[in-house]
Amino acid sequence: MAAGRALAALLALLLAASGQILQREASFTISLRKVDNITVVIKLRPGVLPICPIRVKHAIVFELKIKPGDDITFTFTCSTPEKYFVMEIQKNIDCASGPCPYGDVHLYPPGLPHLNRTFIWDVKASTKAGLELEFSTPWLRQIDPGETCPDFVSYNINSCIDKATVNIGTFCRNGSVSRVKLLGGVIMSLHLPWDSPLTTSGFNIANRASIKRLCIIESILKGESAITLMSPNYPLGFPEDELMTWQFVIPSNMRASVFFHNYSLSNCERKEERVEYYLPGSFSNPEVFKLSDSQPANIAGSFNLSLQGCDQDAQNPGILRLLFQVIVQHPQVDENVTHLVDLSKEWNVTVTIHFEGWPSRVPLMSEPICLICKDPRTCDRVLTLVSGAIYKISFLCKDLSRLRITAEKGISCVDLRWCQRKMYSLLVPKVITQLPIRLHKFIWKVSAPDLINVEITSPSLKLQQHVPEQRCNTSYSYSIVSATPETELNVGVFCPGGSIEKIQMRNNITISLKTFGKGFLNDSNHQDLKMSFVPHIKDECSFTVSPDPKAKVYLQTPNWPYGLPPYVSISWYVVVPSKQVARLGFSKDRMGITCETGRAYVNIKEETLGAEEIVRREDELLPKPRNMYHDFWVNVSNCKPVDKTQLTLQFWVALADKQIDLGVILAVVAGAGVLVAIGLAVCCVKKKKKKSQNPMVGVYNANVNTQVPGKKGLFAKGRKNNESHIYAVIDDAMVYGHLLKESNGTVTPEVDVYRPFDGPVGSLPPSPPPFSFRKDIKHSPNSEEPPPLTDTDHDTYTFAHQKSGQTEDNGDKNEKINGDTSTSLLENQEQDGLVE
């Protein structure tokens, strides 16, 4: 009692708070006759606070139920009751035991308050007699159960057979569904918003003979249109072992095509799920299709489509459902024009003709349809052709520019001895370029086992790498991706007309030719890309570049701009013509990464005897622009970088003609003069010796520095401990040896001086130091001496002296020379002024 009084007090306060601001209260009277068998229920909307009660006489309620025969007057205590209440009007019609009120269905009773309302007609009928719901124009359009109609007016149809209820579908106005025939009873619902001006139900009920199936949905299509329909209970399962039919009324001068967009199958114990068509002019009606088949297209006139279920597995029934589209269009002028696609001589090729944006984009239902047909009845938005067959295709499409071609070819190598002798031309077959459809992409997928790599060449056109400073401006380009067992490497985007002659990659690769505009039709006749299999290469990727003498060539590391994968090594071999010099420069000062494990290196080496190999670590400045007089290698090897740092490197190469230096000519002339003077001096000395006949004298100079800089511990026994530095006799040639050194700089170093690598140079790129070497050796930027050598240093990674004739005046003066900087004894004597 106390709780009741508290609740009443709370309601009174709420009424006082809301009722005081009301200018007036809306009053309604609803009178229901018993014969109409109608019940009206007014109740709160779900989730709304009870702050607008209903006053009936002296009672305050939040739900009002008016039964057949009642006459009730009520008032809402707020001015906007549509925000708080909804109304249901249900009429029960018994057609099983008495006469049915056939004809138009009215919205009754009149004078209802303006609330969101739902009219429900529950019609009971025998399964021996079917019911028909016929809709007036503009007919209905089926939607997904959760979809909302634009005007918020929707119909819901449920079939009732015995105690089972099946949701036939939810529909909006303005569609093509003109009538629905049902077996047994039906529950028909009409949902109206509170402000809807609709005063009629828009349908009537008729009695028909038994249809011997769950339902028949009739759809009338006039002119070009596209409709979407769903099986009953969609997206839930179609009833077990049921049959239903869609009837499509199509003008005889139009063409219809059926497309299944979404379906699933149940687990059948008996029978088989299928669809059946009754097609005009067919000699085999009904034509039976699986749901997975391509459905009939280009149908001339009206037709029927039926869906048949099966007896399902009781333990695991599964779900049978179907969503499909019917598209009606005018006959195309060129629908009888066929195009021959002969793939009988192609190997391992698939050609797909599809709409623009496929497969990522799904075309809107309202978009104009473009169909590809491989026979008059088999048409679809997407058609795939395979090699080894001949096709005659046609198009049902007003605008062929909306269609695209994507093709793929597989190339593999199992035995290098066989496939190494073969050169593959990566050309788009003529049978594709001759179609009136634009080629979107042609993909070559090349697979090779371990120790067999792939080489791509472009002998005449060569390739240009697409970089920000050097963008491709051609009708097509190649995207190259190399896939190793450890990682996938996006080598880059390339187009014809550049400086790259050859690209070598490890293991499997994918080459995608992508077109831009219509120019490819002409350019396709000049394709030049070739592919072959080669033995194993050391780096993940290697380029051979012949720079254009008239333009600067830009090159960048793969996986741009995301950075090289960890521990990946890339090499470029740049060809420098004999009469030209190459200028090499990097686009930034540093590599821009921090290594977590290992070291990142940039190695540069000319392809000539005694060439210096320049090495830079990730924590050092990259070399400044420098001249390269011979073919040279650029190698970039990555470490495992710390998070958020990536190795992305770009460099450029520019060629220029070699110029004759006047200073060099004068130096050569002066050198010749010095040699003549030395010869004369030697002759005079010898003649003087013969005259004097003095005995030879041994000389020992205690002030000579006999230690080689930076080579402590190189020999087991030093010079101070042996007698190799004591001369018994000093010959004349030894006295004037420093003059010979000054003339041509070819004095042979002493036996204990570090000798640079001057052996034969091969075609392999410079080898970066092994990881153990990278971790152990620390480079000091201020030191001119290399680290002490030990007996265990047998690595062939050597640093050669750059010859004095190749020293640049405008090069990097602060550049660290990583080779041996020690000098001979004669050179030390010259520096110390000990030899006069």
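## Basis of the description

A residue is called buried under 20% relative accessible area, exposed over 50%, and partly exposed in between, with a 1.4 Å probe and protein chains only. The model is a predicted one, in which local features need pLDDT of at least 70 and side-chain atom pairs count only at pLDDT 80 or more, while totals for chains, interfaces and linings use all residues. Residues are numbered from 1 along each chain as its sequence is written, and side-chain values use heavy atoms, with hydrogens and water left out.

## The chain as a whole

The protein chain has nine helices and 54 strands. Both are DSSP runs numbered from the N terminus, helices being H or I of at least four residues and strands E of at least two. Of the 836 residues, 46% are buried. Contact means heavy atoms within 4.5 Å. Among contacts with a separation of 6 or more, 81% join residues 24 or more positions apart.

## Nonpolar cores

A nonpolar core is a set of buried Ala, Val, Leu, Ile, Met, Phe, Trp, Tyr and Cys residues joined through side-chain atoms within 4.5 Å. The largest such core holds 84 residues, and Phe533 and Phe543 touch the most other members. A second, separate core has 80 residues, including Val40, Phe135, Val177 and Leu307.

## Strand pairing

Two strands pair if DSSP finds at least two bridges between them. Strand 36 (residues 438-447) runs parallel to strand 34 (residues 403-412), to which nine bridges join it; here Ile411 stands opposite Val446. Strand 36 also pairs with strand 42 (residues 508-515), in the antiparallel sense and over six bridges, with Lys445 opposite Thr510.

Elsewhere, four strands form an open sheet in the order 18-27-20-24, with antiparallel pairing. Strand 18 (225-230) and strand 24 (299-300) are its edge strands, each pairing on one side only. Six bridges link strand 18 to strand 27 (residues 318-329), and Ser225 has Val328 as its bridge partner in strand 27.

Asp122 belongs to strand 9 (residues 116-124). Asp122 counts as buried because its relative accessibility is 14%. Beyond its neighbours within four places in sequence, Asp122 is in contact with Gln90, Lys91, Asn92, Ile93, Val186 and Ile187.

Arg590 lies in the loop between strand 47 (580-586) and strand 48 (595-597). Arg590 has 39% relative accessibility and therefore counts as partly exposed. Leaving aside neighbours within four places in sequence, Arg590 is in contact with Asp619, Glu620, Leu621 and Leu622. Arg617 is 27 residues from Arg590 in sequence, and their C-alpha atoms are 9.1 Å apart.

## The second largest cavity

On a 1 Å grid over the protein atoms alone, a cavity is a set of points where a 1.4 Å probe fits but cannot get out, and lining residues have an atom within 4 Å of a point.

Residues lining the second largest cavity include Gln142, Asn167, Met230 and Tyr234. Strand 11 (140-143) and strand 13 (164-173) each supply at least two lining residues, and strand 13 gives the most, with four. The lining has six nonpolar, six polar and no charged residues, where Ala, Val, Leu, Ile, Met, Phe, Trp, Tyr, Cys and Pro count as nonpolar, Asp, Glu, Lys and Arg as charged, and the others, Gly among them, as polar.

Definitions and conventions:
1 Å grid on protein atoms, 1.4 Å probe; cavity = no way out; pocket = protein on both sides within 12 Å on 5 of 7 lines; lining within 4 Å.
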